[in-house]
Amino acid sequence: MVVVGAGMAGVQTAVALREQGFTGPVTLIGAEPHQPYDRPPLSKAVLLGTADGSAFDVDFASLDIDLRLGCEALGVRPADHELDTAAGPVPYDVLVLATGAEPVRLPGTGQAPGVHLLRTLDDAERLRPVLAGQHDVVVVGAGWIGAEFATAAREAGCAVTVVEAADRPLAGALPAEVAAPMTAWYADAGVTLRTGARVAAVEPGAVVLDDGARLPSGAVVVGIGAHPATGWLAGSGIALGPHGDVLADDRLRTSAADVYAVGDCTSFPSARYAERLLVHHWDNALQGPRTVAADILGEEAAPYDPVPYFWSEQFGRFVQYAGHHAAADRTVWRGDPADPAWTVCWLREGRLVALLAVGRPRDLAQGRRLIEAGRVLDADALRDPALPLKQAVVE
């Protein structure tokens, strides 16, 4: 068994193979030289210097997992059952692709000094002194990662400006009426938010916008999205989707024999939502490996069809989302979005399909179970934030 990618999805796949009884050789290959680590702390504790790292608490030696770090994957030859790496070819009986996603770069800034991404441990280490020095920071992109970095930078005492091309934060993730209340969070935290603005150029000490405005900056942090890290699969014959995602089936098997894909690099068909989902979140990387290991070992397992889930800590708020709201036909609010805690629920034909909870973790926990169960809810009862969400179920 060869697993390429030593992030959450890859590590959990190797561990799951052992937990489910596989006793043969397992090789885990990672491009970075660091001991495999978790990514969420990078935008929080690691970035702020309150933690030195976030290595997984996994004893690879005791699990007899051959860990090969600093080894970049270059290609796959499915007909030969070989993975090409910078250290030479690696034969496999079964291969699992878990290479994750890579951040989208701001065009024209590839070599510009002072321009940062935040995806790896090295990225966080390079940004630590920026925050410690309380530099003026310009964040490009008001998505999840942009908001989290802006939060950390303000905690460190930096002056922060966030530049967003759309007319609101989280424009690609949430409907306008849901994202609109979040605009005030930036001002409340002392962050300047510039919407409807694009970066024209990055110069030493300044970011120039397309309207001619110049923003002082000691550093620029780009958070404008990510795409599957699958460019290295070109020529392999493994089928990819329009976003570069590996096209897997409901057991996370790819189009190539004996090749699986899991985590941020792959999409899978969801019967629950009647569409193919590409989920770039930690929980997906945690859950998928169990399905992969079970199928590899020939165990009977349910099709992979999780309720997507993620969380974000920003501007003193704990934001959680479960489900997929694209096909919803009704939106129901629980509470006032001007208050510190509120929830938005999305229904389709009366069934809960997604919810966003701000400071209401009980709503999230109950709602996630209701989505999984496909329960029908009473919309009028749902509107009462004092009523537990599960009590809105129509018996």
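The largest cavity is lined by Phe 268, Val 279, His 281, Asp 283, Asn 284, Gln 287, Tyr 304, Pro 306, Val 307, Pro 308 and Tyr 309. The structure described here is a predicted model. The volume of this largest cavity is about 50 Å³, and a search of the whole structure finds one cavity of 30 Å³ or more. Helix α7, residues 282–296, contributes most to the lining, with three residues.

**The five-stranded sheet**

Five strands form an open sheet in the order β22-β23-β26-β25-β24, and their pairing is antiparallel. At the edges stand β22 (309–314) and β24 (330–334), each of which pairs on one side only. Neighbouring strands of the sheet are turned by 15 degrees against each other on average, direction ignored. Six bridges join β22 to β23 (residues 317–323) in the antiparallel sense. Within this pair, Trp 311 has Gln 320 in β23 as its bridge partner. Helix α4, which spans residues 144–155, packs on the sheet and touches β22 and β23. The direction of helix α4 makes about 30 degrees with that of β22.

Strand β13 pairs with β14 (residues 206–209) over four bridges in the antiparallel sense, and Glu 203 has Ala 206 in β14 as its bridge partner.

**The hairpin and its strand pair**

Strands β20 and β21 run antiparallel and are joined by four bridges. Pro 269 stands opposite Arg 276 in β21. The hairpin that these strands form has four residues between them, and Ala 274 takes a positive phi there.

| Strand pair | Sense | Bridges |
|---|---|---|
| β22 and β23 | antiparallel | six bridges |
| β13 and β14 | antiparallel | four bridges |
| β20 and β21 | antiparallel | four bridges |

**Positive phi outside glycine**

Ala 274 lies in the loop between β20 (266–270) and β21 (275–278). Its phi is near 55 degrees, a positive value in a residue other than glycine. Ala 274 counts as exposed because its relative accessibility, 70%, is over the 50% limit.

Asp 258 also has a positive phi, of about 65 degrees, although it is not a glycine. This residue is found in the loop between β18 (246–247) and β19 (259–261). With a relative accessibility of 36%, Asp 258 counts as partly exposed, since that class lies between the limits of 20% and 50%.

**The nonpolar cores**

The largest nonpolar core has 96 residues. Those with the most contacts inside this core are Leu 131, Phe 149, Val 162, Leu 174, Trp 346 and Leu 356. Leaving aside residues up to four places away in sequence, Leu 174 touches Trp 144, Arg 168, Ala 179, Met 182, Tyr 321, His 325, Trp 346 and Leu 356. A second, separate core has 19 residues, including Cys 71, Val 76, Trp 232 and Leu 233.

Notes: Residues numbered from 1 in each chain as written. Predicted model: local features only at pLDDT ≥ 70, side-chain atom pairs only at ≥ 80, totals over all residues. Heavy atoms only, no water. Pairing = 2+ DSSP bridges. Helix = DSSP H or I, 4+ residues; strand = E, 2+ residues; numbered from the N terminus. Axes fitted to C-alpha atoms, helices over the stretch in contact; angles between N-to-C directions. Contact = heavy atoms within 4.5 Å. Core = buried A, V, L, I, M, F, W, Y, C linked by side-chain atoms within 4.5 Å. Buried < 20%, exposed > 50% of the residue type's maximum accessible area, 1.4 Å probe, protein only. 1 Å grid on protein atoms, 1.4 Å probe; cavity = no way out; pocket = protein on both sides within 12 Å on 5 of 7 lines; lining within 4 Å. Points joined across faces, edges and corners; volume = space filled by probe spheres on them.
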